[in-house]
Amino acid sequence: MRRAVPGWVLGVAGAVYAFLHLPVLIIVVFSFNDSKFSADWVGFTLEWYRRLFERPDLLRGLRLSLLVGGISTVVAAVFGTLLALALSRGRRRRGARSLAEGLLYVPVVTPEVVVGVSLLMVFAVAGIPLGIGSITIAHIAFNISFVAIVVLARLEGMDRTLEEAAMVLGADELTAFRRITVPQLWPAILAGGLLAFTMSFDDYVITSFVAGAGSSTLPIVVYGMVRRTVEPSVNAISTLILVVTAVLIFVADRLAQARPPAGRVG
Amino acid sequence: MTGSPRRVLLEWLHRRPGIGTGVLAAPAGLWLVAFFLVPLLVMAAYSWMPRGIYGGVEAGITAEHYRRFFEPLYLRILGRTLLWAVGATAICLALGYPVAYAIARSGRWRRWLLFLVILPFWTSFLVRTFALIFLLRDTGLLNGWLLRLGLAAEPVPLLYTPFAVMVGLVHGYLPLMVLPIYASLEKLDPALLEAAEVLGARPWARFRRVVLPLSRPGVIAGCLLVFVPSLGAYLTPDLLGGAKQVMVGNLVQSQFATARNWPFGAAVSFVLMALVLVAVLVFLRARDRAGAEG
Amino acid sequence: MRPADGLPALARALSHGRISRRAFVRRATALGAGLSTIGTLLAACRPRADAPPPDAPLGPLESRLNIYNWSDYIADDTVRNFEREFGVEVRYDTYESNEDLLARLQAGATGYDLVVPTGYAIEVLRATDLLAPLHREHLPNWGNLAPLFQDSVFDPGSAYSVPWQWGTTGIAYRTDLVPEPPAGWGVFHDRRYARRMTQMDDPRDVIGAWLRYRGHSINSTDRPALQSARDDALVAKRLLKAYVSAPVKAQLIVGDVWIAQLWNGDTVQAQAEQPALAYVLPQEGSTIWADYLVIPRSAPHKRAAHEFMNYALRPEVAAAVSRFTGYGTPNVAAAGMLDRPVPYPTAGELGRLEYQHDLGAATALWDQTWTEIKSG
């Protein structure tokens with residue numbers, strides 16, 4: 001039997017949804033507004049999008065962000081999945097295992113300023129030049145945790161009887177892993193990877209500390225634009241970033257449905 | 001393929017299970033040690049060293065940076081940051097609980113409503129912050145409506161105020177409050193509520209006595225997820241506060257930019273880290289206790 | 001001087017010289033020349049082997065150049081024209097303050113070939129041995145500079161720097177929204193303009209302004225003077241909309257901001273989109289400054305950097321830059337090509353203008369004051 005939700009609760013919920021979504025919807029709408037400064041709707045135009053293509057720094061920033069995001073996601077996905085497997089399957093004392101799992105959360109709760117600042121110090125001491133490489137290293141570091149946490153959660157909840165059945169039927173560990181475990185784990189790996197890519201693509205704070213010459217990623221360029229221009233080009237680039245993120249989520253969702261073929265066992 | 005190399009490898013792994021685990025964990029473990037743990041240690045070392053004249057450090061050990069942090073000026077910044085974080089958490093709780101409750105009772109729409117709550121989380125934080133700037137500017141949309149509706153004679157200063165920073169914090173972290181509360185409400189057995197109703201409790205009492213205590217783990221988790229990032233907030237006070245509101249995160253950044261005082265920045269970072277870890281421990285303890293009682 | 005290298009090298013210098021840390025600090029601040037010597041010693045002790053000795057002759061022209069400049073501080077096509085003529089690919093990044101630049105260079109950002117510090121920042125860079133000396137033989141256009149700019153107090157003999165632009169710091173305001181022109185820094189205490197004013201997000205400029213307000217030097221390290229400057233700044237802060245530097249142009253154009261502490265050239269740039277803007281030098285006095293092109297010691301493309309410097313010294317290039325930025329050009333021939341060159345200040349104005357100098361050990365005191373202002 002369903003209880004009715006009190007009217008005021010629905011009202012608050014509705015207001016909250018509006019609060020969460022309206023600001024973003026508004027800048028999307030105004031990215032097509034044919035007026036440089038006015039907050040009133042004047043007419044439709046694609047001028048601000050056109051202007052984006054005249055900015056080499058933006059295009060370069062987009063390329064760099066995709067590059068750094070791609071590399072760091074792939075590396076973090078591999079490392080993070082392996083780590084999750086080790087934590088879940090490894091034979092260790094209870095205490096050590098829960099300590100390791102707890103430590104896994106530390107990169108996630110550490111404030112970005114602290115992560116950025118400490119990495120800057122280590123790069124300075126070790127003489128590692130600041131640039132694309134240093135940014136990628138930093139992104140891999142914080143993304144490993146995200147992937148590992150997501151994959152670990154899936155592993156803990158996973159049914160191992162299929163694997164055991166496969167091994168009873170004659171498959172060795174590696175085959176069982178490849179044919180049984182990975183397909184089941186695949187959606188979690190994708191979810192962790194998507195989370196990692198989004199974190200990397202969107203990162204401003206950590207990147208701003210460890211970036212060097214000519215390594216301005218998209219968020220760094222956009223940050224400069226947000227502070228400086230009032231013209232709707234910022235609305236346009238914001239909308240494009242939203243579209244890219246939405247496409248990514250969609251693609252990841254599709255990939256998660258299409259699991260790698262399980263094939264026959266043995 | 002059942003060739004020998006594979007068999008040999010597997011048999012070897014069988015005999016030493018620890019190595020298998022070690023190999024799996026090694027890449028991630030090494031990376032995290034090198035690029036997470038070691039930096040924190042380096043930062044610790046820096047925070048005990050005296051500052052060079054032009055920035056950088058000199059040889060030596062000094063506690064002056066930690067001592068300096070306990071001067072009234074910096075304690076005030078810390079106190080203000082704590083107030084911001086508590087305020088943001090309280091507002092998110094007040095706004096987020098009804099949302100989570102509504103979603104939990106929504107039946108058919110549940111998936112969509114959840115998706116709509118999660119969606120802002122996937123949206124770039126920078127973009128969301130810019131959206132608020134666009135709205136709150138003197139010549140922005142909100143002031144435009146206020147003027148048009150005659151509610152104000154001239155633009156109300158909304159941006160670059162403490163109000164704007166709070167709006168930014170709440171806007172940024174509200175989804176993180178809703179999701180855990182929803183998760184714990186979802187597990188709620190309707191039978192309990194029915195039993196309460198049968199036994200004669202009125203709606204508000206039912207809520208207070210049954211729903212609220214059982215959702216406490218979710219509430220605590222949600223508070224943690226809002227409080228901790230708010231402590232370390234940097235972009236929000238920077239962009240929405242007009243560089244006039246200094247939170248601990250901004251203080252750290254300024255030591256590495258304007259002030260070129262790395263050791264002091266390192267010391268402040270450590271205090272921030274310590275606060276965060278204390279908060280996490282406190283919240284986790286409270287959550288486990290609440291979970292046990294439920 | 002990178003932070004890590006200070007540690008072993010300074011320990012050695014301290015133990016060999018048997019000077020106490022306090023004495024070292026005093027000596028270092030007193031002797032500019034002494035600092036360069038010590039800096040060179042420390043640099044020699046550095047374990048880095050990859051940086052070639054600064055006096056090495058330049059190799060052939062490289063195919064790439066990384067420039068790190070202030071935002072809105074070059075003409076639209078300067079870089080593109082240079083790329084086309086010399087076949088060099090240029091990466092162009094921007095910053096908003098000298099502190100940003102100094103922080104980046106000290107953090108070990110080694111990829112920049114050309115940076116554009118203000119005079120006092122050059123003092124810091126020289127003292128920390130972060131600059132590569134220039135090879136004048138690759139700068140045949142040097143003679144285009146006005147004699148006044150061929151030498152500078154920040155870089156005696158111009159061994160490291162080529163002047164880029166010069167200007168003043170003052171007050172920009174909307175002539176249509178502000179009834180009478182601001183007379184001086186006191187306008188930031190005027191309640192009529194509450195929340196319509198901004199000051200720059202820069203300790204030297206803000207504290208400097210309030211020091212001049214009370215008749216002190218912008219380079220003062222006197223504690224009571226700094227405290228009164230802090231108090232004045234805090235009174236103003238109640239009425240300010242924000243602390244913002246170059247990005248305030250957009251807000252002046254739109255009308256979010258009516259009165260802003262800003263440089264003269266940036267005001268000219270904003271005037272292009274908003275004619276109702278004017279610039280005034282405060283009566284209590286303000287800052288005159290000059291920015292210079294310099295090459296960091298770790299620059300990977302020094303030859304290309306020299307070519308760009310020489311290119312920038314061409315009259316038509318320098319004129320194009322000044323036409324866009326609105327600032328004064330140190331290039332005599334270029335000044336002749338401009339319709340409205342920024343006139344060098346009159347004697348009367350010069351009396352009210354000061355150059356900023358590095359504060360040395362007093363930097364910490366200024367930092368404290370700035371933090372007090374920002375968080376008060």
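Predicted model: local features only at pLDDT ≥ 70, side-chain atom pairs only at ≥ 80, totals over all residues.

1. Helix H6 of chain C, which spans residues 119-127, is mostly covered. Eight of the nine residues in this helix are buried. The buried set in H6(C) consists of Gly119(C), Tyr120(C), Ala121(C), Ile122(C), Glu123(C), Val124(C), Leu125(C) and Ala127(C). The charged residue Glu123(C) is thus listed among the buried positions of H6(C).

2. The backbone just beyond this helix deserves a brief remark. Asp129(C), which comes just after H6(C), adopts a positive phi of about 50°.

3. For the complex, the predictor reports an ipTM of 0.85 and a pTM of 0.84. Chain C has a mean pLDDT of 83, and 85% of its residues reach 70 or more. In residues 1-50 of chain C, however, the pLDDT is below 50. Beyond near neighbours in sequence, that stretch has 56 contacts in the model.

4. His306(C) is placed in helix H11 of chain C, which covers residues 302-312. Is His306(C) buried or exposed? His306(C) counts as buried because its relative accessibility is 1%, and the cut-off for buried is under 20%.

5. When neighbours within four places in sequence are left aside, His306(C) is in contact with Leu58(C), Leu134(C), His135(C), His138(C), Leu139(C) and Ile295(C).

6. Turning to the interface of chains A and B, 75 residues of chain A are in contact with 79 residues of chain B. Together the two chains bury about 7100 Å², and 79% of this area lies on carbon and sulfur atoms.

7. How many salt bridges does the rule find across the interface of chain A and chain B? The rule finds one. Arg227(A) pairs with Asp238(B) in a salt bridge, with the closest N and O atoms 3.7 Å apart. The count of residue pairs in polar contact between chain A and chain B is seven, both residues being at pLDDT 80 or more.

8. On the side of chain A that touches chain B, helix H1 (residues 7-30) of chain A gives the most, with 14 residues. By class, this side of chain A has 57 nonpolar, nine polar and nine charged residues.

Notes
Residues numbered from 1 in each chain as written. Chains lettered and ligands numbered in written order. Heavy atoms only, no water. Buried < 20%, exposed > 50% of the residue type's maximum accessible area, 1.4 Å probe, protein only. Helix = DSSP H or I, 4+ residues; strand = E, 2+ residues; numbered from the N terminus. Contact = heavy atoms within 4.5 Å. Buried area = accessible area lost by both parts, 1.4 Å probe. Salt bridge = Lys/Arg side-chain N within 4 Å of Asp/Glu carboxyl O. Polar contact = N/O pair within 3.5 Å; in protein donor to acceptor, adjacent residues only side chain to side chain. pLDDT = per-residue confidence, 0-100.
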